[in-house]
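Dear colleague,

Please find below the structure that I am handing over to you. My notes on what was found in it follow directly after.

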Amino acid sequence: MTGPKQSLTALALAAQQGDKAALSRLAAEMVPFVRQLAAKYKSVLLDSDDLFQEGMLGLLAAVRSFSEQGGASFRTYAAVCVKNRIVSALRETHGVQLVPLDERMPDGAQSPEEAQLLRDACAMLLQSIRERLSAREQTVLHLFLNGLSYREIAQRTGMSPKAVDSALQRARRKLRG
């Protein structure tokens, strides 16, 4: 079981060993970071959710291929993997080679079977988030991860900014647990 102060590197190593709770916690910790990296790229053909999804696939690839022997922290290593995945998706979309999302092999996958395992892990992670959070928490988290301020979220949902803050705090606790 993962501890409350476990580092990203320790979580990544535990996830590599099949610890699903560590993978879930690591992803929850990294979602805002991946969303932030994805937001730096603009595309006519790929919206922010597509870029975020590509970034999450890059994160999963980073978990699978990370090694402490490389000398970098997991966060640094993951940033490179996430950025490379997003840039690759943009190149494929805007270049001559267009590949449907469900046929694209995730970074780090050596075979179609491994690619499917990575996709399944991502789907499992998203399902875990759906199961742990209430509909209200999911809505508030989605809007927050799309860059809206507390005030903007409050206006869209009819909640007070304090209620938005409370919902985000509950979501964070649930996802860390």
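**Confidence of the model**

Within the chain, confidence is highest in helix 1 (residues 8-16), at a mean of 92, and lowest in helix 5 (residues 112-132), at 73. The confidence in question is pLDDT, which the predictor assigns to each residue on a scale from 0 to 100. Helices, here and below, are DSSP runs of H or I with at least four residues, strands are runs of E with at least two, and both are numbered from the N terminus.

This is a predicted model, in which local features need pLDDT of at least 70 and side-chain atom pairs count only at pLDDT 80 or more, while totals for chains, interfaces and linings use all residues. Residues are numbered from 1 along each chain as its sequence is written, and side-chain values use heavy atoms, with hydrogens and water left out.

The chain has a mean pLDDT of 80, and 80% of its residues reach 70 or more. Over residues 96-104 the pLDDT stays under 50, and the model has 15 contacts for these residues beyond four places in sequence; a contact means heavy atoms within 4.5 Å. Where pLDDT is low, the predicted coordinates should not be read in detail.

**Overall architecture**

The chain contains eight helices and zero strands, so that from the N terminus on its elements read α-α-α-α-α-α-α-α. Of its 177 residues, 42% count as buried. Buried stands for under 20% relative accessible area, exposed for over 50%, and partly exposed for values in between, with a 1.4 Å probe and protein chains only. The accessible surface of the chain amounts to about 10000 Å², and carbon and sulfur atoms account for 53% of that; these areas come from the Shrake-Rupley method with a 1.4 Å probe, and for residues only the protein chains shown count as cover. Among contacts between residues at least 6 apart in sequence, 55% join residues at least 24 apart.

In helix 1, the buried residues include Leu-8, Thr-9, Leu-11, Ala-12, Ala-14 and Ala-15. Just after helix 1, Gly-18 adopts a positive phi of about 95°.

Helix 3 has 18 residues, which at 1.5 Å a residue should span 26 Å, and its end C-alpha atoms are in agreement at 25 Å apart. The expected span is 1.5 Å times one less than the number of residues in the helix. Among the buried residues of helix 3 are Leu-51, Phe-52, Glu-54, Gly-55 and Met-56.

**Salt bridges**

How many salt bridges does the structure hold? There are four, a salt bridge being a side-chain nitrogen of Lys or Arg within 4 Å of a carboxyl oxygen of Asp or Glu.

One of them pairs Asp-49 with Arg-35, with the closest N and O atoms 3.5 Å apart. Asp-49 belongs to helix 3 (residues 48-65) and Arg-35 to helix 2 (residues 20-39), so the pair ties together parts that are 14 residues apart in sequence. Asp-49 counts as partly exposed because its relative accessibility is 34%, whereas Arg-35 is buried, with a relative accessible area of 10%. Not counting residues up to four places away in sequence, Arg-35 touches Ser-48, Asp-49, Phe-52, Leu-145 and Asn-146.

Another salt bridge joins the side chains of Arg-170 and Glu-137, at 3.0 Å from N to O. This pair links distant parts of the chain, with Arg-170 in helix 8 (residues 161-176) and Glu-137 in helix 6, 33 residues apart. Arg-170 is partly exposed at a relative accessible area of 30%, while Glu-137 counts as buried at 2% relative accessibility.

Glu-137 also meets Lys-174 in a salt bridge, at 2.8 Å from N to O. Here too distant parts of the chain are linked, as Lys-174 lies in helix 8 and Glu-137 in helix 6, 37 residues apart. Lys-174 is partly exposed, with a relative accessible area of 35%. Through shared partners, the salt bridges join Glu-137, Arg-170 and Lys-174 into one network.

**The loop at Gly-147**

Gly-147 sits in the loop between helix 6 (135-145) and helix 7 (150-157). With 61% relative accessibility, Gly-147 counts as exposed.

With kind regards
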